[in-house]
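Have the viewer open as you read.

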Amino acid sequence: MSEPTSPSQPLVEVQDLSVRFGSFWAVKGVSFTVGRGEIFGFLGANGAGKTTTIRVICGLLQATSGRVVVDGEVFLPGHEERIKAKVGYMSQKFTLYQDLSVGENLDFAAALHNVSEETFRKRKQELFEMIQFDRSEGDIVEDLPGGTKQQIALVASLIHDPPLVVLDEPTAGVSPFSRAKFWDLIRLLTDKGKTVFVTTHYMDEAENCHRVVFMRSGELIALGSPQQLKKETFQKPLYSLLPRQGVPETVVENLTNLCDMVEPYGQRYHIILKEGISPENLEDEFVVERIEPSLEDVFIRRVEGDR
């Protein structure tokens with residue numbers, strides 16, 4: 001994966017962004033930049049403020065306070081259309097009309113963005129080649145497989161050639177094969193100079209991002225590359241424990257006395273040992289393995305840890 005342009009030359013600048021609905025602060029004082037050609041992951045539990053932030057970046061919602069700049073365009077009242085022209089948006093619902101054909105959906109997307117007929121034909125052909133589309137434009141969207149719908153929705157979001165592509169849970173509900181293929185397309189887009197802003201609940205997908213943000217309760221709580229966040233979050237060794245057959249439940253419950261962190265992972269537990277406790281102390285009751293932390297470990301530790 002090619003390296004993005006430095007965030008010192010950002011495509012997106014968000015400065016002290018806050019959004020309030022009545023007495024509720026959906027977003028509170030959030031600041032970050034997104035570099036040109038970067039895959040930027042935006043992560044957090046439901047209700048963390050991700051969607052609200054995205055709506056502002058896409059020109060769909062005025063902020064209560066703060067500043068948003070997209071490709072040099074400042075989001076000011078009355079300038080919403082200028083921002084929208086810079087952004088291609090795709091949601092987990094594919095943003096397609098199910099009862100229209102592929103061609104009709106793309107015609108509609110081009111009309112929304114005032115794309116000329118000549119530019120539309122050229123752009124559509126380029127994008128079809130990118131996704132290796134081998135079906136008829138006359139196919140009704142409802143009849144397409146989920147992975148193909150996903151790719152056509154991506155084409156619709158790119159038809160006006162925006163510098164920023166915002167993908168909101170783009171791979172929800174599709175097969176692992178389709179998810180992997182879609183991420184190949186994301187990397188191809190950034191290789192072509194696009195900037196991709198993506199939200200996902202799949203932490204293995206987020207590993208593909210150049211940098212990620214974690215949000216909680218409307219606030220930004222962590223920002224960095226996946227490797228950087230793992231290193232910052234887990235400064236002590238992380239172990240995986242599998243209880244041996246017949247181990248009493250009380251032994252598992254006693255782990256909290258030996259560990260600074262105990263998180264269940266299916267039949268296993270991920271733990272950080274207290275100072276002075278050796279992994280050998282646990283080997284009679286557990287199969288113990290030292291492991292490298294994943295972004296899912298970081299997410300649980302930093303976003304869910306207080307709960």
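## Ground rules

Buried means under 20% relative accessible area, exposed over 50%, and partly exposed is in between (1.4 Å probe, protein chains only). This is a predicted model, where local features need pLDDT of at least 70 and side-chain atom pairs count only at pLDDT 80 or more, while totals for chains, interfaces and linings use all residues. Residues are numbered from 1 along each chain as its sequence is written, and side-chain values use heavy atoms, leaving out hydrogens and water.

## Lysine 194

Is lysine 194 buried or exposed? With 11% relative accessibility, lysine 194 counts as buried.

The side chain of lysine 194 makes a polar contact with the side chain of aspartate 161 at 2.5 Å (N or O atoms within 3.5 Å; within protein, one must be able to donate a hydrogen and the other to accept it, and residues adjacent in sequence count only if both atoms are side-chain atoms). A polar atom of the lysine 194 side chain also lies 2.8 Å from the backbone oxygen of proline 162.

## Aromatic rings

The whole structure holds eight aromatic pairs (ring centres of Phe, Tyr or the six-membered ring of Trp within 6.5 Å; planes under 30 degrees apart are stacked, over 60 edge-to-face, the rest tilted). Phenylalanine 32 and phenylalanine 197 have centres 6.1 Å apart and planes at 35°, so they count as tilted. Phenylalanine 32 is buried at 4% relative accessibility, and phenylalanine 197 is buried at 0%.

Phenylalanine 128 and phenylalanine 133 are stacked, with 4.6 Å between centres and 20° between planes. Both of these, phenylalanine 128 and phenylalanine 133, are buried.
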